[in-house]
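Please look over the structure below together with its sequence. The note that goes with it is meant for a reader who has not seen it before.

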Amino acid sequence: MAPNEKQARERFVERILISWVGGQDLAAYQPANPQLGPVAGALEQERFNSVELLYNYPSSDIAPYIDWLRQRTAIPVTGHQITLSSPVNFGEIYQAAHQVLLDLRGQNPEAEIHLLLSPGTPAMQAVWILLGKTRHPATFWQVSREEGVQQTQIPFDIAAEYVPAADKVSSRSMTQLSASAPPADAAFDDIVTQNPTMQRLKSQASILAARDVPVLIYGESGTGKELFARAIHNASERSDRPFVAVNCGAFPADLIDSILFGHRKGAFTGASSDREGVFQQADGGTLFLDEFGELEPAVQVRLLRVLQDGSFTPVGGGRECRVDVRLVTATNRDLMQLVAEGSFREDLFYRVAVGVLYLPPLREREGDLNLLTDRIMANVAAHDAHLKDKKISVEARNLILRHSWPGNMRELHSTLLRAALWSQTDSIDAADLRQALFQMPEKEGDLLGRDLSKGIDVQGLCDDIWRHYILRALDATHGNKTRAAGLLGLNNYQTLTNLMEKLGLK
């Protein structure tokens with residue numbers, strides 16, 4: 001290949017024109033109509049390499065128009081039929097347009113996106129501007145009879161995230177910072193969300209609160225499991241009784257029984273007096289066992305008995321005790337997988353998993369990032385007067401939207417707090433946020449130094465590794481699946497998509 005030809009190919013960047021099809025476009029191919037319509041007019045006056053058309057018309061109405069358009073141009077013309085309940089439904093328009101742009105970016109990450117604003121409803125035009133100024137940087141065009149085809153400058157920046165239709169979110173402020181322990185009087189209004197899935201979970205949790213049944217809450221670390229547990233307790237008939245929270249993962253192996261069920265004086269070295277266990281402390285109220293999946297099999301047996309009839313014997317005691325406790329458990333592990341492997345008792349699982357709530361990770365809570373960011377910053381300001389005037393720039397907000405937040409709410413809070421502390425001005429910019437985002441070091445021993453005596457789920461380890469690096473690759477490529485697949489050594493973006501579906505990643 002000649003040097004000049006090679007340089008020319010390296011400089012070539014595909015220009016894709018994307019537009020809705022409007023009424024003026026459909027009228028253009030009629031013989032009696034002298035006007036070309038916005039799409040054909042733009043293709044006649046400007047150079048593009050392909051055109052992607054979105055339409056909400058019956059295919060029978062669109063097919064003749066697309067055939068006519070293909071006869072007028074040598075570039076590929078592709079149609080995307082979009083089903084909308086209304087041409088002014090912002091939510092449906094956003095979802096459809098966003099998906100088309102994602103697919104195009106995945107197929108050709110280096111292409112230039114050009115959005116034609118003229119055809120379609122005002123809602124469609126507004127969504128194009130929203131997407132083209134945030135998640136899918138684009139060049140904007142307009143066509144008019146008076147001015148012809150013109151590139152349009154949008155003279156402002158936008159930091160926006162699509163918010164699905166949902167009930168109004170309560171304006172009640174959080175009383176404590178989200179990375180701290182949830183407030184003792186936490187209620188469902190303290191669970192801040194605009195996401196339909198989270199709204200549904202709040203509704204389900206409120207129903208469970210009114211019924212005195214065990215509840216299992218599972219999800220990644222930092223998703224708010226204790227906040228849900230406290231809200232369930234405070235909305236229940238036990239709200240005036242104790243709420244006792246215990247981290248099962250922090251139990252010393254030789255003291256687990258004593259912590260759970262108490263001990264009598266002299267039961268073991270150091271037992272200088274009688275001591276109540278957490279079951280007795282929570283009598284009449286709610287016992288919250290966090291990291292429930294970490295319990296040893298021997299403890300699971302004793303726990304099963306107290307859940308069955310409310311009775312247990314303290315360590316070193318000779319007389320049985322009885323308690324009335326509502327149990328709420330939480331874990332970031334897959335208990336069903338542990339049951340299948342034989343490391344967790346099946347009868348205990350079914351005993352605690354009566355009411356089950358899965359809390360999604362922050363990256364799946366579309367619509368919540370900006371809301372949670374603002375709420376966290378308001379609480380940071382409330383706790384420190386020196387931080388009350390801190391604002392987050394447009395670039396920093398868009399960086400927040402692109403990050404995958406593997407630590408969920410805990411990571412979001414600590415990152416914003418660090419950025420606020422380190423910022424030298426009243427504005428937290430993208431540089432401040434990048435500095436505040438920590439990249440945790442890899443720990444080879446965590447993977448290769450596991451204790452074989454307890455058994456190892458190698459397939460589970462492989463899945464965890466894939467989840468970890470897929471999220472990092474998507475973060476590094478700002479969601480571009482083609483480039484992410486390349487970073488991961490996969491053949492194409494479809495292979496990555498299939499793998500993400502298998503692993504439950506969205």
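1. Basis. This is a predicted model, in which local features need pLDDT of at least 70 and side-chain atom pairs count only at pLDDT 80 or more, while totals for chains, interfaces and linings use all residues. Residues are numbered from 1 along each chain as its sequence is written, and side-chain values use heavy atoms, with hydrogens and water left out.

2. The six-stranded sheet. Six strands form an open sheet of mixed pairing, in the order β3-β2-β1-β4-β5-β6. Strands here are DSSP runs (E, at least two residues), helices are runs of H or I with at least four residues, and both are numbered from the N terminus. Two strands pair if DSSP finds at least two bridges between them. The edges are held by β3 (77-81) and β6; each has a single partner strand, so one side of each is left without a neighbour in the sheet. On average, neighbouring strands of this sheet are turned by 25 degrees against each other, direction ignored.

3. A pair within that sheet. Strands β4 (residues 112-116) and β5 (residues 139-144) run parallel and are joined by three bridges. His-114 stands opposite Thr-139 in β5.

4. Helix α3. This helix lies across β1 (15-20), β2, β4, β5 and β6, and runs at about 165 degrees to β1. Axes are lines fitted to C-alpha atoms, for helices over the stretch in contact, and angles run from 0 to 180 degrees between N-to-C directions. Six of the eight residues of α3 (residues 38-45) are buried, so the helix is largely enclosed by the rest of the structure. Buried means under 20% relative accessible area, exposed over 50%, and partly exposed in between (1.4 Å probe, protein chains only). The buried residues of α3 are Pro-38, Val-39, Ala-40, Gly-41, Ala-42 and Leu-43.

5. Ser-50. This residue lies in strand β2 (residues 50-55) and counts as buried, at 6% relative accessibility. Which residue does the side chain of Ser-50 join through a polar contact of 3.3 Å? The partner is the side chain of Glu-14. A polar contact is a pair of N or O atoms within 3.5 Å; within protein, one must be able to donate a hydrogen and the other to accept it, and residues adjacent in sequence count only if both atoms are side-chain atoms. Not counting residues up to four places away in sequence, Ser-50 touches Glu-14, Arg-15, Ile-16, Leu-17, Ile-75 and Pro-76; contact means heavy atoms within 4.5 Å.

6. Pro-64. Helix α4 (residues 59-72) contains Pro-64, which is partly exposed at 33% relative accessibility.

7. The five-stranded sheet. Five strands form an open sheet with parallel pairing, in the order β8-β9-β12-β7-β13. At its edges stand β8 (243-247) and β13 (355-358), each with a single partner strand, so one side of each is left without a neighbour in the sheet. Neighbouring strands of this sheet are turned by 15 degrees against each other on average, direction ignored. Four bridges join β7 (residues 215-218) to β12 (residues 326-331), and Leu-216 stands opposite Thr-329 in β12.

8. Helix α7 and Asn-195. α7 lies across β7, β12 and β13, at about 155 degrees to β13. Asn-195 is in the loop between β6 (148-152) and α7 (196-209), and is buried, with a relative accessible area of 5%. Its side chain reaches the backbone oxygen of Glu-366 at 3.1 Å. Leaving aside neighbours within four places in sequence, Asn-195 is in contact with Glu-364, Arg-365, Glu-366 and Asp-368.

9. Aromatic pairs. A search of the whole structure finds nine. Rings of Phe, Tyr and Trp (its six-membered ring) pair if their centres lie within 6.5 Å; planes under 30 degrees apart count as stacked, over 60 as edge-to-face and the rest as tilted. Phe-261 and Phe-279 have ring centres 5.7 Å apart and planes at 15 degrees, so this pair is stacked. The rings of Phe-279 and Phe-312 are 6.3 Å apart at their centres with planes at 45 degrees, so this pair is tilted. Phe-261, Phe-279 and Phe-312 form one aromatic cluster.

10. Cysteines. The search finds zero disulfides (pairs of cysteine sulfur atoms within 2.5 Å). Cys-321 is buried at 15% relative accessibility, whereas Cys-462 is partly exposed at 33%.
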